[in-house]
Amino acid sequence: MQALALCVCALSGLLRNPAHGRVRGTARPRSRHRPPRPDVANVNDPKTLADRIEDLLPQTQCTKCGYDGCRPYAEAVAAGIANYNQCPPGGLEGVERLAKLLGKPVIPINPDNGVERPRPVAFIDEQLCIGCTLCMQACPVDAIVGAPKQMHTIVKDQCTGCDLCVAPCPVDCIAMIPVTGAATGWDAWTQQQADEARVRHDRRAARQAAERNAAEARAAARRAATSAPQPQAQQDAATQAASPTADDAEAKKKAIIQAALERARRKKAELAEQGVGPRNVEHVSADVQAQIDAAEARRKRIGIESNASDASDSAPDDDKPAR
Ligand code: SF4
Ligand code: SF4
Ligand code: SF4
């Protein structure tokens, strides 16, 4: 009997894992929670592969990878359409990060996409700027401030060094100045800077989508109003709008806008006397004027009136130019 009890004890000891005191066949206790690593795939992570790739990119939104920003490039890499060595701002360390995530070897940056370099920041020669707004429209992270026919300025801490404002400038007054010494790639750009650039880029994209939707809704409403037969209530409203009271309100509104424009013109003249603001807005070449006209047409198409911005110091917020 004693021998039988000893055998049972020994068998129970064999079934128990001496290291963890766990009976075989039962679940292994979960290890303590570790923070997720973006460069390591995790089956419990709800993020897609494209999400994890995007998290590793520098978010300068420079399009040097051949795609319209970091997110489209991340999606192309995840789909196997683009290679993982097409992002010069990330440099070799960026390739290493992606290679680790994808389980692939480290390869050099594709020279067709550019070279790893010290990070530059854009600088506007304000004496030459004609205030055409083309750079502002090109900046993917809203790092440029200005208004039509006013001097434009770069917000240095928000500039990602993407170069996208340089080409559209009709008077070549934007220079890219390296600011990181010999440091390149991720040595010249922090994760915090990348995160902030991503937020600004996404906010800009959301704002532009909202502006487009609003312009389309206005256009649709105009089309519907002109094509639909007018019901009696609308005819009554139209009659009332033509009444002296409506005329008075309209005249008052025009007078307010006119006064605001006049104040803005006076302010602009005062600034010009102090040497503040672009100095060569007159007599631009035909080419430059054509670019400015095209930009103005684009702004009008999406519902941004440049004249309203002249009155930006006094007009209501709705009339101010959106960036
Ligand atoms: S930083 Fe530039 S090159 Fe790199 S993924 Fe983003 S847009 Fe493409
Ligand atoms: S200011 Fe120019 S270089 Fe800087 S982020 Fe904007 S577009 Fe790019
Ligand atoms: S002139 Fe150049 S810097 Fe000035 S607003 Fe136009 S694009 Fe920008």
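Reply: Two residues are in contact when their C-beta atoms, placed from the backbone, lie within 7 Å. Residues 305-323 also stay under 50, with 39 such contacts. For the protein, the mean pLDDT is 78, and 64% of residues reach 70 or more. This is a predicted model, so to speak of local features we need pLDDT of at least 70, side-chain atom pairs count only at 80 or more, and totals for chains, interfaces and linings use all residues. Residues are numbered from 1 along each chain as its sequence is written, while chains are lettered from A and ligands numbered from 1 in the order in which they are written.

Now to the core. A nonpolar core is a set of buried Ala, Val, Leu, Ile, Met, Phe, Trp, Tyr and Cys residues joined through C-beta atoms within 7 Å; buried means 20 or more other C-beta atoms within 10 Å of a residue's own, exposed 12 or fewer, and partly exposed in between, with C-beta atoms placed from the backbone. The largest one has 26 residues, of which Cys 135, Cys 139, Ile 144, Cys 165 and Ile 174 touch the most other members. Strand E3 (120-124), helix H5 (134-138) and helix H6 (191-227) each give two or more residues to this core, and H5 has the largest share, three residues. Helices (H or I, at least four residues) and strands (E, at least two) are DSSP runs, numbered from the N terminus.

Look at Ile 144: beyond its neighbours within four places in sequence, it contacts Cys 135, Met 136, Cys 139, His 152, Ile 154 and Cys 165. Another core lies apart, with 15 residues, including Ile 53, Ala 74, Val 77 and Tyr 84.

Helix H3 (residues 70-78) has Cys 70, Arg 71, Tyr 73, Ala 74 and Val 77 as its buried residues. They line one face of the helix, because they fall within an arc of 160 degrees seen down the axis of H3; the arc is that of the directions from the helix axis to the C-beta atoms. These buried residues pack against helix H2 (49-55). Just after H3, Gly 80 has a positive phi of about 80 degrees.

Technical notes
pLDDT = per-residue confidence, 0-100.
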